[in-house]
Amino acid sequence: MQIHPMWEAYPELHSELIQTIELMDSKIHLRNKPIENAIVDMMHTGGKLIRPAYTLLFSSFGDDHDPSRSRAFSAAIEVLHMATLIHDDVIDDSPKRRGQKTIQSKYGKDVAVYAGDYLFTVSFKLITDYSNSMKQMQINTKGMERILMGEIDQMHLRYNKKITIRNYLTQISGKTAQLFALACYSGALESGQDERFARHCYYIGSHIGMAFQIKDDILDYSQTADTFGKPVLEDVKQGVYSSPLIYAMRKNNAAFKDLLNKKDQMTNEDTKKVRQLVIDLGGLKEAERLAHKYTEKALKRIDQLPNTPEKEIIRDVTESLLNRNI
């Protein structure tokens, strides 16, 4: 079983992530074997497993740490993440994810929706099977609601050339940051830590998630589809305007007007022009500063965690996310 090489530097965590994937595999049971195989293949196609890794790391801080329970919660987080990705691919009509054909492009949108829905049930089943209280169910239900609200906010703002950075931050705080916050919070709570400590971890995860999404949006303008593992600048065609573009439009909104008015009829040549305008107008630099700001917020809170080997790994991983190129 292959795990992303970024975890090779942390042998214990590497082993825990392998066991987490094995647990996920064991929970996927469908009569439709081609779809079951597609879901399992998605689990093994190079995902970094960052969210479940954070769950495992934050579950180490309490006295009631149970490895099997923390693996279950980390698996639930990753399955929930996969479900949202499948639904995202349906909405965006994405042909590729992690360098592979998406379920919706291979089997159709109907099958993909059902596959995503099925994974939601797997996620909640993992929690109910291993949780020792209703608290985790409540946490994940609220978290799922916030994630979906982020998706709805994104849909509402499609093709809106007046979108502000505040609109964008509100959107990604639900769509992406909430899942990171949920990963850190549920890990801390699972280990027996009190609500105050778990809430502190929640904010660490939220800041990490904000920085992660901003960096992801930066890479959309600075990488090729081959290196990024999915189509680049497809979001622009779909009317999803992220921080590099928003910052650039602040400088010269008129420069983008004719290009963005084409909406989903934009050509590859059009998106190249948008990319170059974003670079020339300093959109990438401004977005990098924003990502750095959220990373610094996360690191300040991480510094307040108990001094353990896991704390140092959390810091290392968080810093590496800001500096990643893919």
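Modeller: I begin with the lining of the largest cavity, whose residues divide into five nonpolar, two polar and two charged; here Ala, Val, Leu, Ile, Met, Phe, Trp, Tyr, Cys and Pro count as nonpolar, Asp, Glu, Lys and Arg as charged, and the others, Gly among them, as polar. The model is predicted, so local features need pLDDT of at least 70 and side-chain atom pairs count only at pLDDT 80 or more, while totals for chains, interfaces and linings use all residues. Residues are numbered from 1 along each chain as its sequence is written, and side-chain values use heavy atoms, with hydrogens and water left out.

A cavity is a set of points, on a 1 Å grid over the protein atoms alone, where a 1.4 Å probe fits but cannot get out, and its lining residues have an atom within 4 Å of a point. The structure holds three cavities of 30 Å³ or more, and the largest has a volume of about 60 Å³, where a volume is the space filled by probe spheres set on grid points that are joined across faces, edges and corners. The residues that line the largest cavity are I208, A211, F212, K215, T295, T318, L321, L322 and R324. Two helices, α10 (195-222) and α17 (309-323), each supply at least two residues of this lining, and α10 gives the most, with four residues; helices are DSSP runs (H or I, at least four residues) numbered from the N terminus.

Staying with helix α10, we also find S206 there. S206 counts as buried because its relative accessibility is 16%, and buried means under 20% relative accessible area, exposed over 50%, and partly exposed in between (1.4 Å probe, protein chains only). Leaving aside residues up to four places away in sequence, S206 touches A177 and A181, where a contact means heavy atoms within 4.5 Å.

F212, one of the residues lining the largest cavity, also belongs to a cluster in which ring pairs link Y54, F58, F61, F180, F197 and F212. Rings of Phe, Tyr and Trp (its six-membered ring) pair if their centres lie within 6.5 Å, and planes under 30 degrees apart count as stacked, over 60 as edge-to-face and the rest as tilted. Across the whole structure, a search finds eight aromatic pairs. One of them joins W7 and Y10 in a tilted arrangement, with 6.4 Å centre to centre and 55 degrees between the planes, and both of these residues are buried. Another aromatic pair, Y202 and Y203, is edge-to-face, at 5.5 Å centre to centre and 90 degrees between the planes; Y202 counts as buried because its relative accessibility is 12%, whereas Y203 is partly exposed, with a relative accessible area of 36%.

The elements giving two or more residues to its lining are α1 (11-26), α3 (50-58), α4 (67-92) and α17, and α1 gives the most, with four residues. The lining of this pocket divides into eight nonpolar, three polar and three charged residues.

Terms used
On a 1 Å grid over the protein atoms alone, a cavity is a set of points where a 1.4 Å probe fits but cannot get out, and a pocket is an open set with protein on both sides within 12 Å along at least five of seven lines; lining residues have an atom within 4 Å of a point.
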